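Subject: Structure handover

Hello,

Here is the structure I promised to pass on. Please open it first, then read my notes below.

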Amino acid sequence: MLSENNAVDEISFQKERRQSYPVYWKTGTSFAFRDAWSVGIVGPYVLATWVGNFSGEGHPSFIGRQAAAPLFFEIIRSLDSYGLIKGNIKPGGLNITEVDICSTTGDLPNVHCPKTEKGLFIPGKSPIKVSDVHREIYIDKVSGLRACQYVESTTTKAVYEFWPSDLVRLFKQAGIVKRQPPPYLDSCLINDTSTRGSAPSITSPSNLISYTIRASKLKQEGLPFSAITDTDSRILYWFVDNSFVGKVERDTPLFWHPQVGEFDVRVVDNLGRSASVSMRVKLVQ
């Protein structure tokens, strides 16, 4: 992949001393200029350079191409001056195999993936996940709505892409149109819809965090409840210790006025799928 990265500034970095060996490299700049990176492969080595403050404090000069890349090539020249760069890395010695992946999702394909391509796989390291984005559903021939059961005379089968709601939002921002599955028929029962698709995934609150509220601003504090949902979710209903606290549209956070103690937070989407998480709230002065 790095060999296909056209590094337009490579000539200026290497200047008049053009190496006879290839350099595969890439730069990176952290958010808020916290640090700068340049990582690549030269000869038999994987080389990484980092520029930053150990305190994590950012600086406008911490830009990958301006700070880390020159250092990256200076180290390469030093290695070369000692005769340490001999030959190129040999892919044949790597524990890498090719597998079929779903070209749309990058995961292993399921039976409904429309197109596959070859991808690199590291046995024992690469994640093994079968894509569930492409799913077959039943469509009512008359209304065009989604049916719960397949009846040959009244329904037809169709494959739709079911992306998580956070990715659907990114697609929209990028101007990428994804065909959304139609809503269910009114005759579908919650017992049918709740067992299909993916349950919500709560992103806030987290059970790994102890939340604090200030005593002086107790009434003004608000803790956001949010979740990633399946494509066909529309509404989220939030509960705290089995008490209903509000409903919001998908992708919209619900702000809860926190209380001190330990609570169970549950979310249920309009199709009956649910998730829960525990949370702790402490009072500070």
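Start with a pair of facing residues: F225 stands opposite L254 in strand 14. Before going on, note that this is a predicted model, in which local features need pLDDT of at least 70, side-chain atom pairs count only at pLDDT 80 or more, and totals for chains, interfaces and linings use all residues. Residues are numbered from 1 along each chain as its sequence is written, and side-chain values use heavy atoms, with hydrogens and water left out.

Helices (H or I, at least four residues) and strands (E, at least two) are DSSP runs, numbered from the N terminus. Two strands pair if DSSP finds at least two bridges between them. Strand 11 covers residues 223-228 and pairs with strand 14 in the antiparallel sense, over three bridges. Both belong to an open sheet of three strands, in the order 9-11-14, with antiparallel pairing. Strand 9 (201-204) and strand 14 (254-256) stand at the edges. Each has a single partner strand, so one side of each has no neighbour in the sheet. From one strand to the next, the twist averages 35 degrees. That angle comes from axes, which are lines fitted to C-alpha atoms, for helices over the stretch in contact; angles run from 0 to 180 degrees between N-to-C directions.

Look next at strand 12 (235-240) and strand 13 (243-249). They pair in the antiparallel sense over six bridges. They form a hairpin with two residues between them. Strand 12 also pairs with strand 15 (residues 261-269), antiparallel, over five bridges.

Strand 15 in turn runs antiparallel to strand 16 (residues 274-284), with eight bridges joining them. Here R266 stands opposite S276 in strand 16. The hairpin of strand 15 and strand 16 has four residues between the strands.

Most residues other than glycine have a negative phi, and most peptide bonds are trans. Which residues have a positive phi here? In the turn of the hairpin of strand 12 and strand 13, D241 has a positive phi of about 50 degrees. N242 has a phi near 70 degrees, again positive in a residue other than glycine. N242 counts as exposed, at 71% relative accessibility. The cut-offs are these: buried means under 20% relative accessible area, exposed over 50%, partly exposed in between (1.4 Å probe, protein chains only). F33 has a positive phi too, near 55 degrees. F33 sits in the loop between strand 1 (23-29) and strand 2 (35-42), and is partly exposed, with a relative accessible area of 36%. In the hairpin of strand 15 and strand 16, G272 takes a positive phi near 90 degrees.

There is a cis peptide bond as well. It joins S204 and P205, with omega about 5 degrees. P205 lies in the loop between strand 9 and strand 10 (210-214).

Is D269 buried or exposed? D269 lies in strand 15 and is buried, with a relative accessible area of 2%. Its side chain and that of S233 are joined by a polar contact of 2.7 Å. (A polar contact is a pair of N or O atoms within 3.5 Å; within protein, one must be able to donate a hydrogen and the other to accept it, and residues adjacent in sequence count only if both atoms are side-chain atoms.) A polar atom of the D269 side chain also lies 2.9 Å from the backbone nitrogen of R273.

R135 is found in strand 6 (residues 134-140). R135 is buried, at 16% relative accessible area. The R135 side chain reaches the backbone oxygen of D132 at 2.7 Å.

**A loop residue**

L84 lies in the loop between helix 2 (64-81) and strand 4 (97-102). L84 is partly exposed, at 39% relative accessibility. L84 and Y45 are 39 residues apart in sequence and 9.5 Å apart in space, C-alpha to C-alpha.

Best wishes
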